Amino acid sequence: MSSVPRPALAIIGGSGFYDFFGDDAITLEVDTPYGAPSAPITVGDVDGRQVAFLPRHGRKHEYSPHTVPYQANLWALRSIGVRRVFAPCAVGSLRADWGPGTVAVPDQLVDRTSGRPQTYFDNGGIHVSFADPYCAELRTAAIESAVEELPMKSSGTMVVVQGPRFSTRAESRWFAAQGWELVNMTGFPEAVLARELEMCYAAIALVTDLDAGLEVGEGVSAASVFEAFERNLVPFKKLVRGAAAAVDGTDTCERCRVHAGVSLPFELP
């Protein structure tokens, strides 16, 4: 590995992904105009290619979903050469037949967050296409990397809520009534910030629980979510590694280049 790595692919890991590489990884301290990212970026080897890894919540899970420095995270990754990002995450299921241990590669997103900085363009009249929020090429790589231990769903709509609380039963039933399949707390603004920086981005979602409106009893608890994620972590990491190894190309795909013909108020890193 070069002494100054320039990885084209990154993984932004959530719960359970704090140590994606072994001791031979290189650590990069990166600062940005938006402050420091959640943690130093590590760069390691996946099937002979350099891959960057950034723990979304910090190395010790010190950031709650609504306090993650999303702008700094994506900016830092692009500044070291990253153009493609996989985003494994834990999700609740809004469908009784998508139980814990199911993996879904969503194709749509609904934002129900509030107050999170969600753009790099507070001036300049810049508007990016976001009709299809996830990169088709990365989604294909993830879907084709399915492992037999985890049932795979090749599409789905993920609604992102503010957190850190879980949904009420009424909210959960409302989301399910819209035909949405997954609920999560970190998928936005991560996806749109990647698009603004012209980075390919795809979420890979591991179901850890049935959301509150789909079950009786006490509803979702943090302990049960972490336990379910940990129980399926080994095959889930195998799937994510397989997706990283399967990505063809090292630059942003044409569909995720959204600033063609537009004069930006600053240069992208």
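1. For a chain of 269 residues, a compact globule would have a radius of gyration near 18 Å, and the protein agrees with that expectation because its own value is 18 Å. The model is a predicted one, and its C-alpha atoms fill a box of roughly 50 × 45 × 30 Å along the principal axes.

2. The protein contains 6 helices and 11 strands, and buried residues account for 56% of its 269 residues. Among contacts with a separation of 6 or more, 84% are between residues 24 or more positions apart. The exposed surface comes to about 11600 Å², of which carbon and sulfur atoms supply 48%.

3. Which residues touch the most other members of the largest nonpolar core? They are Ile41 and Leu77, in a core of 45 residues. The elements that contribute two or more residues to this core include strand S1 (9-13), strand S3 (41-46), strand S4 (49-55), helix H1 (70-79) and strand S11 (200-210). Leaving aside residues up to four places away in sequence, Leu77 touches Ala10, Ile12, Ile41, Ala52, Leu54, Val82 and Met199. Apart from this core lies another, of 31 residues, with Cys200, Leu239, Ala243 and Cys256 among them.

4. Helix H1 is largely enclosed by the rest of the structure, because 9 of its 10 residues are buried. The buried residues of H1 include Tyr70, Gln71, Asn73, Trp75 and Arg78, as well as Leu77, and the elements that cover the buried residues include S1, S3, S4 and H4. Just after H1, Gly81 takes a positive phi of about 110°.

5. Arg195, which has its place in helix H4 (residues 187-196), deserves a separate look. This residue is buried yet has no salt bridge, and the nearest side chain of opposite charge, that of Asp132, is 7.1 Å away. Since a salt bridge requires a side-chain nitrogen of Lys or Arg within 4 Å of a carboxyl oxygen of Asp or Glu, that separation should be kept apart from the contacts of Arg195, which do include Asp132. Not counting residues up to four places away in sequence, Arg195 also touches Val128, Ser129, Phe130, Pro133, Tyr134, Cys256 and Val258.

6. Side chains of opposite charge can pair when their charged atoms come close. The count here comes to 6 salt bridges, one of which joins Asp97 and Arg95 at 2.8 Å, N to O; Arg95 is partly exposed, with a relative accessible area of 33%. Arg257 forms a salt bridge with Asp251, the closest N and O atoms being 3.1 Å apart, and its side chain also meets that of Glu254 in a salt bridge at 3.6 Å, N to O. Through shared partners, these salt bridges join Asp251, Glu254 and Arg257 into one network.

7. Val110 and Leu206 are 96 residues apart in sequence and 18 Å apart in space, C-alpha to C-alpha.

8. A cis peptide bond joins Gly163 and Pro164, with omega about 0°, and Pro164 lies in the loop between S9 and helix H3 (169-177). A cis peptide bond also joins Phe188 and Pro189, with omega about 15°, and Pro189 is found in helix H4.

9. Positive phi values also occur in residues other than glycine. Asp47 has a phi of about 50° and lies in the loop between S3 and S4, where it counts as exposed at 70% relative accessibility. His61, with phi near 55°, lies in the loop between S4 and H1 and counts as partly exposed at 27% relative accessibility.

Technical notes. Residues numbered from 1 in each chain as written. Predicted model: local features only at pLDDT ≥ 70, side-chain atom pairs only at ≥ 80, totals over all residues. Heavy atoms only, no water. Helix = DSSP H or I, 4+ residues; strand = E, 2+ residues; numbered from the N terminus. Buried < 20%, exposed > 50% of the residue type's maximum accessible area, 1.4 Å probe, protein only. Lys, Arg positive; Asp, Glu negative; His and termini not counted. Contact = heavy atoms within 4.5 Å. Core = buried A, V, L, I, M, F, W, Y, C linked by side-chain atoms within 4.5 Å. Rg over C-alpha atoms; globule rule 2.2 N^0.38 Å. Areas by Shrake-Rupley, 256 points an atom, 1.4 Å probe, with all protein chains shown as cover.
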